Amino acid sequence: MTDKLFKLTDPETGKHSDLPVRVPTIGPPVAGVGSMYRDLGAFTYDPGYAATASCQSAVTYIDGEKGVLMYRGYPIEQLAEHSNFIEVAYLLLYGELPKPDQLERFDTTIRTHTMLNEALLRFFNGFHYDAHPMAMVTGVVASMSAFYHDSTNVSDPEHRDIFAHRMIAKIPTIAAAAYKHSVGQPFVYPRNELDYCGNLLNMFFAVPASNYEVDPVAAEALDMLFILHADHEQNCSTSTVRLAGSSGTNPYSAIAAGNAALWGPAHGGANEAVINMLETIGSVDQIPKFVNRAKDKSDPFRLMGFGHRVYKSYDPRASIIRGMAHRVLNNLGRTNTPLFDLALELEQIALKDDYFVEKNLYPNVDFYSGIIYRALGIPKSMFTVMFAIARTVGWVTHWREMLSDPEFRIGRPRQLYIGAEQRDYAALSER
Ligand code: SDX
């Protein structure tokens, strides 16, 4: 806290309001506007919350101008190079890198809580054969609240821990069940001897008719993608989890709300939309036509995977994924990579175009991730589910942080009312 104040005055009435300024560890300060309505009778107005800090948080820091992303103070580049997803999950949840015994215990807890209640597993048989996997995942995550009553007392720290471990452990199993239902194959049970990503690949691609060996290159690529997607400050889906969770609802319902928000093409659904876009563009000679469409205000077409609310420079995650794509594709023997080549060419052309330069539109995390998921044999309808698996760690972390925040209260924004003034009811015969 500091005693610095921003002073607001209404020139018409002379009323003023002193806004206390709070100084962060790093990044911009914030002005407390809570007293504004009392002093000036006015609300703040910030559609999309572009300039609004909704909470205090110690989890993730982003600098959109410099392209900086840190989890608990550790740069994403260092975590991507040296860490693994389970260790990053521990770091996000508990705030510190785990000691060897802590990591061992956490890893064992996650590995031994991956199975779903059999009745919950049968839910998948009720979905239509062509249900979108995100619809199935969102529905089944919400239904977890109907099965796990012993970890829903949100005020009990032990319950919050049980929920966190269960949610992180079971989301890959739910994702794999959705995938198997969508391809009409039998569900594959989790294996405790496999690590997080190896177990996921086995549940996706093993079939009763033959043996399946997890490809370590694929598991490593998946692990890196999960690290990069684990958290991202107060993004749309994380803010949704916080707002839903602020009512004290069952935590599985709050996470389901986050899944629902992530599915949108403007958010986590963009990775699927990027591949659809690249397939529509088809060839390098068509790129200028689509870049022009993206610049045409009368055309709803946007370059999916480009632009970001916070990053006005290159998304550091996109840089890492682009570099990784080359290595993964080569290691997987994918020499024929027309979509990747098209994506690289599209990036080059867009980043030289004045429109994209002026608006600071760079590739974001979703631009290249789908190229790798495809190379791993994952269908594009599952891309947002892959994002949801990783971001479940961030959602659970922010939900826990919110509940332990002394400033925590139910979220309830106000509005700028532009509707009708008071008027009297008119009988049907008089309308
Ligand atoms: C994620 O918030 C997070 O942290 C999200 C995320 C995470 O990890 O949680 O990083 C994950 O969601 C990444 C973003 C994935 N979405 C896409 O790739 C979809 C395409 N991008 C856009 O829809 C857009 O850039 C957003 C939604 C990402 C950001 O939208 P903003 O901040 O509201 O920006 P805007 O829509 O106001 O755009 C500013 C200008 C506009 O032009 P003007 O009205 O100023 O003339 O840039 C234009 C937009 O028309 N613009 C684009 C564009 N993105 C923005 N023009 C063409 N193509 C684009 N992709």
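Contact means heavy atoms within 4.5 Å. The structure is a predicted model, in which local features need pLDDT of at least 70 and side-chain atom pairs count only at pLDDT 80 or more, while totals for chains, interfaces and linings use all residues. Residues are numbered from 1 along each chain as its sequence is written, and side-chain values use heavy atoms, with hydrogens and water left out.

**Exercise 1.** Find which residues Lys-170 touches, not counting residues up to four places away in sequence, and decide whether Lys-170 is buried or exposed.

Solution.
Step 1. Locate the residue: Lys-170 sits in helix H7 (residues 157–183). Helices (H or I, at least four residues) and strands (E, at least two) are DSSP runs, numbered from the N terminus.
Step 2. List the contacts: leaving out residues up to four places away in sequence, Lys-170 touches His-113, Thr-114, Met-115, Leu-116, Met-144 and Tyr-148.
Step 3. Look at the side chain: one of its polar atoms lies 2.8 Å from the backbone oxygen of His-113.
Step 4. Apply the cut-offs: buried means under 20% relative accessible area, exposed over 50%, and partly exposed in between (1.4 Å probe, protein chains only). Lys-170 has 5% relative accessibility, so Lys-170 counts as buried.

**Exercise 2.** State where Val-59 lies and which residues Val-59 touches, not counting residues up to four places away in sequence.

Solution.
Step 1. Val-59 is in the loop between helix H1 (36–40) and strand S4 (60–63).
Step 2. Its relative accessible area is 2%, so Val-59 is buried.
Step 3. Beyond four places in sequence, Val-59 touches residues including Met-70, Tyr-71, Arg-72 and Asp-231.
Step 4. Val-59 and Leu-93 are 34 residues apart along the chain, and their C-alpha atoms are separated by 8.5 Å.

**Exercise 3.** Describe the phi angle and the surroundings of Arg-72.

Solution.
Step 1. Arg-72 lies in the loop between strand S5 (68–71) and strand S6 (74–75).
Step 2. Its phi is near 50°, a positive value in a residue other than glycine.
Step 3. Compare with the general rule: most residues other than glycine have a negative phi.
Step 4. With a relative accessible area of 21%, Arg-72 is partly exposed.

**Exercise 4.** Do likewise for Asn-360.

Solution.
Step 1. Asn-360 lies in the loop between helix H16 (354–358) and H17.
Step 2. Asn-360 has a positive phi of about 55° although it is not a glycine.
Step 3. The relative accessible area of Asn-360 is 29%, so this residue is partly exposed.

Methods
A polar contact is a pair of N or O atoms within 3.5 Å; within protein, one must be able to donate a hydrogen and the other to accept it, and residues adjacent in sequence count only if both atoms are side-chain atoms.
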